[in-house]
Amino acid sequence: MSMINYASREINCKLVYYGPGLGGKTTNLEHVYKKVSPSTRGKLISLATETERTLFFDFLPVDLGTIRGFKTRFHLYTVPGQVYYNASRKLILKGVDGVVFVADSQIDRMEANQESMQNLYDNMAEYGYDLTKMPFVIQYNKRDLPTAAPITELQAALNPGWEVSDSDKQRLSPDPYHAGEYLTSQLASGEWIERATHFEAVAVTGEGVFDTLKAISKLVLKTLS
Amino acid sequence: MLITTTTSWTLTPEDEHALRRGMERLLQESGAHCAMLVDRGGQLLVLAGAQPGFDATTFATLTAADFSANDQLARLLGETDFSSLFHQGDRESMLVADVARRAILVVLFDSRTTLGLVRLRARPTVDELSRIVDAMSARDAQSGAIRAILAGADDEIDRLFS
């Protein structure tokens, strides 16, 4: 839930990193924490088990700059990926302004990715949020692993696109992050579909982490404007 | 009906003043030393009284998560909610109460006062804050304040992330 505070001249937004267990959500936040100047970020809070698996959430507040004289402050959250923590996962989605789905690229994690994506849609729908109409990006993590599936397979499984029924939006829309690709396109059947923007990442080295964060933050601000 | 984005809300200097006034009165009457109003999403709206010696942003996020988790526990027990929570420490204690289902009031106090007094004085404050928050919600549902600020700021947003 975005909040504008005229007293402190701040715009606050909530971003949630979602995805299957051990996919790299916490690692994304840890990298942001390490790389961002301490003057522009708060503490990284992790509510984790003794084996460092996320139990409730991780939280990191980050200032990304000033727009129209208002400081833009993003609250980054992760959810616990393990299937049986759905109650706490759903709580964290409350009031979300933008979602990053962190998929594990490994072939044997495809089913876990799909289950988690379905779970995301279901939990969002229970709050009355339509994920297809909100700021949403997908990050394919662990691209460095030899067991990583090709991007085309991951896209087909996790980001096949949703139907665009609004005729005003039925036009080719280039993907600003992938030259020659489109976010909105027409299938051979004539149906128009839209996909979420995607990024490749290796969160342990930081590759793709800031690209993802910048893209979702920009989408959130543009949606608000 | 599905909505496209979550709702936004705004805190004007007048809202801040009105909320703070109610919270400061509570502190005076109860002997508590710090009060925070936090939105259900975990953002700190107003802090009144003594500046705490900890990171208030983190504290706000954790209290909102704590309250939400307890809300769910209440439902499992067949209650609609727990309207307030109390955490007792050796030196510091805290009372957390729902404000209009959109925010929570956190009151920090020590042995200079009692839970009974804080709870008693918090009740009318919660009612007062709820009225203000309800009025803010009703106004924000129509005003689109964030949109007004960010309208036409696409270039600025692009530059911020270039």
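1. A:Gly65 counts as partly exposed because it has 16 C-beta neighbours inside 10 Å. The scale is this: a residue is buried if 20 or more other C-beta atoms lie within 10 Å of its own, exposed if 12 or fewer, and partly exposed in between, with C-beta atoms placed from the backbone. A:Gly65 sits in strand β4 (residues 54–67) of chain A. Helices (H or I, at least four residues) and strands (E, at least two) are DSSP runs, numbered from the N terminus. Leaving aside residues up to four places away in sequence, A:Gly65 touches A:Thr72 and B:Leu160. Contact here requires C-beta atoms, placed from the backbone, within 7 Å. A:Thr40 is 25 residues from A:Gly65 in sequence, and their C-alpha atoms are 8.8 Å apart.

2. Ground rules. This is a predicted model: local features need pLDDT of at least 70, side-chain atom pairs count only at pLDDT 80 or more, and totals for chains, interfaces and linings use all residues. Residues are numbered from 1 along each chain as its sequence is written, while chains are lettered from A and ligands numbered from 1 in the order in which they are written.

3. Confidence. The predictor gives the complex an ipTM of 0.80 and a pTM of 0.90. Chain B has a mean pLDDT of 88, and 92% of its residues reach 70 or more. pLDDT is the predictor's confidence in each residue, from 0 to 100. Residues 1–6 of chain B stay under 50, and the model has 15 contacts for them beyond four places in sequence. Where pLDDT is low, the predicted coordinates should not be read in detail.

4. Strands around β5(A). β5(A) is mostly covered, with eight of its nine residues buried. β2(A) pairs with β5(A) in the parallel sense over eight bridges. Pairing requires at least two DSSP bridges between the strands. A:Leu15 stands opposite A:Leu76 in β5(A). β4(A) pairs with β5(A) in the antiparallel sense over nine bridges. There, A:Pro61 has A:His75 of β5(A) as its bridge partner. The hairpin of β4(A) and β5(A) has two residues between the strands, and A:Arg68 takes a positive phi near 50° in it.

5. Helices of chain A. In α2 (residues 86–93) of chain A, the buried residues are A:Arg89, A:Leu91, A:Ile92 and A:Leu93. Their cover includes β2 (10–18), β4, β5 (70–78) and α3 (110–126) of chain A, together with α2 (56–76) of chain B. Just after α2(A), A:Gly95 takes a positive phi of about 75°. Helix α5 (residues 209–224) of chain A has 16 residues, which should span 22 Å at 1.5 Å a residue; the end C-alpha atoms are 23 Å apart, which agrees. The expected span is 1.5 Å times one less than the number of residues. Buried residues of α5(A) include A:Leu213, A:Ile216, A:Lys218 and A:Leu224.

6. Interface. Chain B contributes 39 residues to the contact and chain A 43 residues. On the chain B side, β1 (9–11), α1 (13–30), α2, α4 (145–150) and α5 (154–160) each supply at least two residues. α2(B) gives the most, with eight residues. The chain B side divides into 17 nonpolar, 15 polar and seven charged residues. Ala, Val, Leu, Ile, Met, Phe, Trp, Tyr, Cys and Pro count as nonpolar, Asp, Glu, Lys and Arg as charged, and the others, Gly among them, as polar. Strand β1 (residues 3–5) of chain A and β1(B) pair in the parallel sense over three bridges. A:Asn5 has B:Leu11 of β1(B) as its bridge partner.

7. Chain B overall. There are five helices and six strands, in the pattern β-α-β-β-α-β-β-β-α-α-α. The C-alpha atoms fill a box of roughly 55 × 40 × 30 Å along the principal axes. Of the 162 residues, 35% count as buried.

8. The chain B sheet. Five strands form an open sheet in the order β3-β2-β6-β5-β4, with antiparallel pairing. β3 (44–49) and β4 (84–88) are the edge strands, each pairing on one side only. β2 (residues 34–39) and β6 (residues 103–109) of chain B pair over six bridges. B:Ala35 has B:Val107 of β6(B) as its bridge partner. α1(B) lies across β2, β3 and β6 of chain B, at about 40° to β3(B). Axes are lines fitted to C-alpha atoms, for helices over the stretch in contact, and angles run from 0 to 180 degrees between N-to-C directions. α2(B) lies across β2, β3, β4, β5 (93–99) and β6 of chain B, at about 65° to β2(B).

Definitions and conventions: Two residues are in contact if their C-beta atoms, placed from the backbone, lie within 7 Å.
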